[in-house]
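Look at the sequence and the model below.

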Amino acid sequence: MSDLIETSGACGKCGHEFGFEYWASINIKLDPKLKDKLLDGELNVITCPNCQNRSALAADLLYHDMERRLWLQLTFSENIDEYIENGNRALADLEIMSGDIGKQMSFGYKRRVVSSYPDLIEKIMVFDEEMDDQVLELTKLFLKAKLHSEGDQIDEALYFNRIMMHPEDPKLKIILFNDSLWAPYNEFYESLEKTLESFDLNSDSSLRVVDERFAGKMLNELRMRRRDT
Ligand SMILES: [Zn+2]
């Protein structure tokens with residue numbers, strides 16, 4: 001079920017007070033058009049009736065894809081750790097209350113927390129391509145390290161854009177502002193995927209953040225493992 005909220009607020013530009021509606025959660029199996037709106041950057045964009053100023057509302061949003069068992073929570077909360085803790089507690093309570101059915105309902109779910117619209121849209125695109133976002137984050141870290149070694153220090157976020165499916169040389173298109181960067185997809189991606197498999201991360205259906213920091217932590221774990229063997 002999608003959840004439309006009625007509220008009111010003041011325009012950031014002219015200060016005019018007005019009532020408006022926004023989506024707090026969208027179920028894209030039931031409301032596929034809301035997914036298109038989100039990808040077009042039109043969801044939860046509010047227009048002031050006085051000055052016509054348009055602005056994206058910084059309101060939390062749940063994106064739920066029942067078919068892909070995908071649960072993406074966008075939050076503007078300043079304390080992400082606490083937010084995740086509360087979210088996971090609520091999910092655990094729900095599971096206890098609904099017993100075996102709850103366990104089945106939760107099985108195989110990928111739950112992520114993101115803190116911006118571009119991050120949310122990237123996750124949707126990655127999972128729609130049936131890729132693993134954890135492997136993608138490691139790939140982006142690799143790309144940054146490679147650029148760094150070539151003298152290009154990159155501090156900005158990189159975003160997955162699409163897969164180029166050339167049979168001999170498939171690549172991932174990754175965007176930095178208006179620049180296209182290409183990362184290897186085939187064996188490189190598969191070897192990262194295999195390496196991550198040993199951590200058994202995908203059986204974890206709790207809410208978590210998979211971003212550059214996650215990739216950095218994974219890289220450290222891999223280094224430590226290598227040192228131990
Ligand atoms: Zn206004």
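Asp31 is partly exposed, because 15 other C-beta atoms lie within 10 Å. Buried means 20 or more other C-beta atoms within 10 Å of a residue's own, exposed means 12 or fewer, and partly exposed is in between, with C-beta atoms placed from the backbone. This is a predicted model: local features need pLDDT of at least 70, side-chain atom pairs count only at pLDDT 80 or more, and totals for chains, interfaces and linings use all residues. Residues are numbered from 1 along each chain as its sequence is written.

Asp31 sits in the loop between strand S2 (17–27) and helix H1 (32–39). Helices (H or I, at least four residues) and strands (E, at least two) are DSSP runs, numbered from the N terminus. Leaving out residues up to four places away in sequence, Asp31 touches Ser2 and Ile26. Contact here means C-beta atoms, placed from the backbone, within 7 Å. Ile96 is 65 residues from Asp31 along the chain, and their C-alpha atoms are 29 Å apart.

Now the sheet. Three strands form an open sheet in the order S8-S9-S10, with antiparallel pairing. Its edge strands, S8 (159–164) and S10 (179–184), each pair on one side only. Strands pair if DSSP finds at least two bridges between them. S8 and S9 (residues 171–176) share five bridges. Arg162 has Lys173 in S9 as its bridge partner.

Last, the protein chain as a whole:

| Property | Value |
|---|---|
| Helices and strands | six helices and 10 strands |
| C-alpha span along principal axes | about 60 × 50 × 35 Å |
| Buried share of the 229 residues | 19% |

Notes. Contact = placed C-beta atoms within 7 Å.
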